[in-house]
Amino acid sequence: MEFVEWYPRGYGVGFKVRKKLFEGKSRYQTIEVYETEGFGRMLVLDGTIQLVEDGEASYHEPLVHPALLAHPHPRDVLVIGGGDGGALREVLRHPEVERAVMVELDEAVLRVSVELLNVGKGVLERVLEGKEPRAELRVESGADYVKGKEAAFDAIVVDSTDPVGPAAVLFSEGFFQDAYRALKDPGVYVTQAGSVYLFTNEFLTAYRRMNGVFDRVYAYSFPVIGYASPWAFLVGVKGAVDFTRVNLDRARALDLSYYDPERHATLFQLPKYLREQL
Ligand code: AG3
């Protein structure tokens, strides 16, 4: 058996799977969990691969650490989405973080992640049992949550699904404006931004919208296991955050496997045709 996610133009990313462990429909989306042959369990939302257990860090590390290591003191951090707990887990590895709020829209994703996935490494369970004093978990729309917030967070990390359906609002200009206002100064915002080659237009649209809102916008990419790689990420900053540099002393304590802070500059490699459009 195999599971293939089909991207535009007939480009597929697939895994051999031993069996389907779960399928269900929540208010927002179809949720599936598979046991893959070589990469542990796999989470699929509306037919799109969200993660494989043995490889998810190739997404969560480059999503979280560059932004947090570029910020001088990420004390208050907001995670939007990321119901599997992987992004929150990486955020909590930073000792500077005093408070991490995670806002997930779909309670069913949280439940499936706690019951069937080994991604949050117990982080979600600990938060739910009140044993993670730095973290707070809310089940609501991230777009609603940031509305009206002012200078509340040093960093905002958006770990969303693709910019269609429930996550479309997280790529809208109005949301970027709300997120900008919710940031302190200095502040840093990071979002996943789709496949460099297969979602180029969505990526460019998000880039342009963010450019109209944030003080500076940076685009980078990373090869992610399970996605049509390279995968794009967008950073927007408020005030004095230089995203071309990260704090290497703080980085050393993190013991990372994929993102290499010593080679931070390599993040910015984009295909020439795309760089020329930024
Ligand atoms: N992040 C999912 C990124 C989008 C994947 N898109 C796709 N495969 N078409 C959320 C899951 C990881 N926490």
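Where does the ligand lie relative to domain 1 (2-52) and domain 2 (57-277)? It lies between them, because both domains give residues to the shell around it. Keep in mind that this is a predicted model.

**Who surrounds the ligand**

- The shell around the ligand is made of 14 residues, and E5, H60, D84, D159 and D162 come nearest.
- Sorted by class, the shell splits into 5 nonpolar, 5 polar and 4 charged residues.
- Three elements each supply at least two residues of the shell: strand β1 (2-7), strand β5 (48-52) and helix α1 (57-70).
- Of the elements, β5 gives the most to the shell, with 3 residues.

**Polar contacts and cover**

- D84, one of the residues that come nearest to the ligand, has a polar side-chain atom 2.6 Å from a ligand nitrogen.
- Y59 also points a polar side-chain atom at the ligand, with 3.2 Å between that atom and a ligand nitrogen.
- With S160 it's the backbone that takes part: one of its polar backbone atoms is 3.3 Å from a nitrogen atom of the ligand.
- On its own the ligand has 400 Å² of accessible area, and the protein covers 99% of that.

- The peptide bond between D185 and P186 is cis, with omega at about 5°.
- That proline, P186, sits in strand β10, which runs over residues 183-195.
- Another cis peptide bond joins S229 and P230, and here omega is about -5°.
- R9 has a positive phi, near 65°, even though R9 is a residue other than glycine.
- You'll find R9 in the loop that links β1 with β2 (11-25); β1 is also one of the elements that supply at least two residues of the ligand shell.

Terms used:
Residues are numbered from 1 along each chain as its sequence is written. This is a predicted model: local features need pLDDT of at least 70, side-chain atom pairs count only at pLDDT 80 or more; totals for chains, interfaces and linings use all residues. Side-chain values use heavy atoms; hydrogens and water are left out. A residue is near a molecule or strand if one of its heavy atoms lies within 4 Å of it. A polar contact is a pair of N or O atoms within 3.5 Å; within protein, one must be able to donate a hydrogen and the other to accept it, and residues adjacent in sequence count only if both atoms are side-chain atoms. Accessible areas come from the Shrake-Rupley method with a 1.4 Å probe; for residues, only the protein chains shown count as cover. Helices (H or I, at least four residues) and strands (E, at least two) are DSSP runs, numbered from the N terminus. Ala, Val, Leu, Ile, Met, Phe, Trp, Tyr, Cys and Pro count as nonpolar, Asp, Glu, Lys and Arg as charged, and the others, Gly among them, as polar. Domain bounds come from an automatic or database domain assignment.
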